[in-house]
Amino acid sequence: YYYQAIAENSQGTSYGVIKSFTTLAGAPVATTVAATNVLATTATLNGRVNSGGAAATVKFCYHTSNSVDGAGKINSCTLSPTVATVGASAGLTSLSLNIDSLSVNTTYYFQVVASNTVAGTTTTIYGAVLSFKTGAPIVVTTAATSIDATSATLNGTMKSNGSSITNAKFCLA
């Protein structure tokens, strides 16, 4: 930012020397986004990070317990290696991590984790904790067909993904 002192009176206007300053970078912003591609033993974890004006490293934390510590980090989590380093001026950046060797039919809790260092102080921010369950069926709703004035055929596909499907239905609103 540039600034200058200016004073006016009935005799005229005077201008001081133009000075400048740069604002300090702040803490990163980390937003956990829903997991995708969830299968029997694999999933893709997703998040968005704004570095806060200083380069930020991004990781994911996941575990089968949703217990968190005072900083909001999942206790006993598996912390991934660094997924990416988001540059100081990168803005909002979407990131993902494919994980495997998960247990079938298990609920996992996860969060995105971003850290940056400003003036020698490292700040780590934990995104919200979200969850997914492995082995849940994969369902895709496809376009309705045979549509007329009073009826339609609803369509979709499903894959059991490691456990038998016990109920399949459509919700019509």
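I searched the whole structure for aromatic pairs and found two. For a pair, ring centres of Phe, Tyr or Trp (its six-membered ring) must lie within 6.5 Å; planes under 30 degrees apart count as stacked, over 60 as edge-to-face and the rest as tilted.

I noted that this is a predicted model, where local features need pLDDT of at least 70, side-chain atom pairs count only at pLDDT 80 or more, and totals for chains, interfaces and linings use all residues. Residues are numbered from 1 along each chain as its sequence is written, and side-chain values use heavy atoms, with hydrogens and water left out.

Back to the rings. I looked at Y108 and F132: their centres are 5.6 Å apart and their planes at 15°, so this pair is stacked. It links distant parts of the chain, with Y108 in strand β11 (residues 107-118) and F132 in strand β13 (residues 130-133), 24 residues apart. Strands are DSSP runs of E, at least two residues, numbered from the N terminus.

Next I checked F110 and F132, which form a tilted pair, 5.8 Å centre to centre with 55° between the planes. F110 lies in strand β11 and F132 in strand β13, so this pair ties together parts that are 22 residues apart in sequence.

Buried means under 20% relative accessible area, exposed over 50%, partly exposed in between (1.4 Å probe, protein chains only).

Last, I looked up V139 in strand β14 (residues 138-145), and found V139 exposed, with a relative accessible area of 59%.

Definitions and conventions:
Helix = DSSP H or I, 4+ residues; strand = E, 2+ residues; numbered from the N terminus.
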